[in-house]
Amino acid sequence: MHPIDVVVIGGGICGLTAAHRLHKAGLSTTLVEREPYLGGKIQTRNHEGFMLELGPNTMHSRGQALMDLCQELNLPLEPTAPLAKKRYLYLNEKLTALPTDPLSFLASPVLPIGAKLRMMQEPWLRSHPVSNDETVADFTRRRLGEKALDNLMAPFLSGVYAGDPETLSLQAVFPKLAHWEQRSGSIVKGLMASRKDNKRTGRKPKYQLLSLDGGMQRLIQGLSESIPNNQIRLGVSVQRIERVHDTYHVQLEHGETLLARAILLATPAKTTAQLLFGLVPDASPALEAIPYATLTVVHMGLPHTQIRHPLDGFGFLAPKQSGLDLLGSIWSSSLFPNRAPQGQALLTCMLGGATRPDIVDWEDEKLTDVTLRDLALSFGQPKESLQPTMVQVSRYFEAIPQYTVGHLDRVRHIEGALRQSPGLFATGNYLKGVSLNDCVTHANETAADLLNYLIPPDSSGEMILQQRRSSFTEISE
């Protein structure tokens with residue numbers, strides 16, 4: 001049996017994007033996914049007239065790799081309503097709109113006057129020398145103060161990473177902030193310099209929040225339809241990977257073995273560690289050291305007439321000290337009016353995260369009760385006044401990888417270990433970014449590296465390589 005070019009293991013956004021690129025470049029490719037469906041956490045479900053996003057709810061227009069992919073697949077973009085620019089914070093037992101410019105920040109109650117004065121000192125503070133790593137919490141305290149950490153940075157991180165600023169690495173999570181301090185001696189000065197650079201070069205497109213017509217799962221459908229059905233294997237687990245001379249043997253459950261010239265692992269960190277244990281054992285400890293936050297999502301449908309808030313924004317975030325169990329809530333039907341039946345509101349509520357891993361084990365009844373309580377508190381009304389027409393609970397025991405202190409060193413170690421076994425590649429959101437655009441970008445780059453490995457750009461392969469590379473759409477952008 002002759003080996004195929006590539007076996008891609010994992011059918012989430014990273015694996016699908018890479019398989020799409022490799023197939024389009026002319027390589028024989030087989031994608032293996034242990035679940036009976038593709039897309040990983042990117043799932044859109046229609047339930048009782050509501051359109052629920054079980055994973056990412058939106059993407060943004062500055063994610064160039066993702067925008068290029070959507071255009072390539074002819075996927076219709078759906079912009080959010082203009083009110084999506086408005087966001088709330090639950091502070092002092094009520095929802096407070098976040099400021100959108102320096103003047104509104106000065107008048108906003110999101111920080112007490114002392115904390116604002118502390119933040120305004122930032123451009124004149126001494127910069128910190130370059131160090132191996134620093135937590136987001138330590139950096140924020142040092143540059144902006146404790147209140148800025150509690151009321152602004154920590155809620156933001158809970159909304160994006162479901163993470164804890166006391167453990168997340170600044171250099172891994174916010175490399176721009178670290179760069180601005182080192183380049184300009186200040187976040188503010190660095191931001192101003194960056195804006196000048198962007199204005200001069202015209203590099204930064206307009207920022208807009210988007211979804212896809214029909215939900216985010218349209219992205220998964222578009223990618224899967226670009227790959228022949230006979231190249232996708234669903235509901236099949238990989239038991240073991242071995243390298244025999246220059247060929248990889250991928251042992252599947254039930255005894256089947258696939259032969260391949262190269263392997264691309266697009267599985268979560270711990271699964272990748274297990275698959276590499278006997279093949280590249282040096283990579284496994286670093287992979288296993290990458291923690292994941294749990295997350296619980298409660299979708300709730302409520303009649304508009306019961307809600308004493310206009311829901312005129314993206315939603316709200318709740319600081320840890322606010323007293324709410326909710327991390328926050330996205331007002332999905334305000335962003336996209338077609339997500340709920342007429343007269344109904346769809347609220348997507350998040351609980352748990354790195355600071356509350358116990359919540360994922362709560363019973364549905366308790367989760368529903370706590371969500372109703374916290375929504376009522378945020379809207380300033382009695383809990384009994386909210387009677388949901390729809391409740392759907394989703395639990396993720398490994399929701400979002402956490403880039404804790406030392407993450408960049410772990411990634412470098414993993415990449416170095418993989419080079420010990422030529423033809424072995426890895427991609428995933430546990431490496432260099434958790435956003436959809438980060439995933440697509442890294443999958444594109446990894447697919448390009450794999451193509452270079454199989455067809456090196458020497459005199460004999462240069463023409464073929466260029467032909468195949470031309471079918472990639474800005475693969476390294």
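Guide: Helices, as named here, are DSSP runs of H or I with at least four residues, and strands are DSSP runs of E with at least two, both numbered from the N terminus. The model discussed below is predicted.

Visitor: Which element supplies the largest share of the lining of the second largest pocket?

Guide: The second largest pocket holds about 370 Å³ of space and is lined by 25 residues. Two elements, α6 and β16 (326-330), each supply at least two residues of this lining. The largest share, 6 residues, comes from α6.

Visitor: Which residues of that lining lie nearest the centre of the second largest pocket?

Guide: By class, the lining of the second largest pocket divides into 11 nonpolar, 6 polar and 8 charged residues. Of the 25 lining residues, those nearest the centre are A154, P319, K320, Q321 and T355.

Visitor: How do the lining residues of the largest cavity divide into nonpolar, polar and charged?

Guide: Rolling a probe the size of a water molecule over the atoms shows where empty space is left. The structure holds 1 cavity of 30 Å³ or more, and about 30 Å³ of space lies in the largest cavity. Its lining consists of E53, N57, I330, S332, L335, F336 and R339. These residues of the largest cavity divide into 3 nonpolar, 2 polar and 2 charged.

Visitor: E53 also belongs to strand β4 (residues 50-53). Which residues point the same way as one another from β4, on the side away from M51 and E53?

Guide: The residues F50, L52, M51 and E53 of β4 are all buried, that is, under 20% relative accessible area. M51 and E53 point one way from the strand, and pointing the other way are F50 and L52.

Visitor: What is the bridge partner of H47 in β4?

Guide: Strand β3 (residues 44-47) runs antiparallel to β4, and 4 bridges join the two. They form a hairpin with 2 residues between them, and E48 in the turn has a positive phi of about 55°. Within this pairing, the partner of H47 in β4 is F50.

Visitor: Which strands are the edge strands of the open sheet of 3 strands?

Guide: Strands of a sheet pair through backbone hydrogen bonds, either parallel or antiparallel. In this open sheet the pairing is antiparallel and the order is β5-β9-β6. The strands that pair on one side only, and are therefore at the edges by the pairing rule of at least two bridges, are β5 (59-60) and β6 (77-79).

Visitor: Which residue of β9 is the bridge partner of L77?

Guide: Strand β9 (residues 209-212) runs antiparallel to β6 and is joined to it by 3 bridges. The bridge partner of L77 in β9 is L212.

Visitor: Against which elements do the buried residues of α2 pack?

Guide: In helix α2 (residues 64-72), the buried residues are A65, L66, M67, D68, L69 and C70. Beyond the helix follows N74, whose phi is positive, near 55°. The buried residues of α2 pack against α1 (13-24), β5, β6, β9, α10 (217-225) and α16 (436-454).

Visitor: Which residues does F174 touch, not counting those up to four places away in sequence?

Guide: The largest nonpolar core has 48 residues, and F174 is among those with the most contacts inside it, together with V136, L157, Y161, V173 and L177. With nearby sequence positions, up to four places away, not counted, F174 touches V136, M153, F156, L157 and S169.

Visitor: How many residues are in the second, separate core?

Guide: Apart from the core that holds F174, there is a second, separate core. Its members include C14, M59, L219 and L223, and its residues number 42.

Visitor: What is the relative accessibility of A162, and is it buried or exposed?

Guide: Most residues other than glycine have a negative phi. The phi of A162, however, is a positive value near 50°, and A162 lies in the loop between α6 (146-160) and α7 (170-173). Because its relative accessibility is under the 20% limit, A162 counts as buried, at 4%.

Visitor: What is the relative accessible area of E93, and is E93 buried or exposed?

Guide: E93 is not a glycine, yet it has a positive phi of about 65°. Its place is the loop between β7 (88-91) and β8 (94-97). Since exposed means over 50%, E93 is exposed, with a relative accessible area of 68%.

Visitor: How far apart in space are N230 and A260, C-alpha to C-alpha?

Guide: N230 is found in the loop between α10 and β10 (232-234). N230 is exposed, with a relative accessible area of 64%. N230 and A260 are 30 residues apart in sequence, and their C-alpha to C-alpha separation in space is 16 Å.

Methods:
Residues numbered from 1 in each chain as written. Predicted model: local features only at pLDDT ≥ 70, side-chain atom pairs only at ≥ 80, totals over all residues. Heavy atoms only, no water. Core = buried A, V, L, I, M, F, W, Y, C linked by side-chain atoms within 4.5 Å. Buried < 20%, exposed > 50% of the residue type's maximum accessible area, 1.4 Å probe, protein only. Contact = heavy atoms within 4.5 Å. 1 Å grid on protein atoms, 1.4 Å probe; cavity = no way out; pocket = protein on both sides within 12 Å on 5 of 7 lines; lining within 4 Å. Points joined across faces, edges and corners; volume = space filled by probe spheres on them. Nonpolar A, V, L, I, M, F, W, Y, C, P; charged D, E, K, R; others polar.
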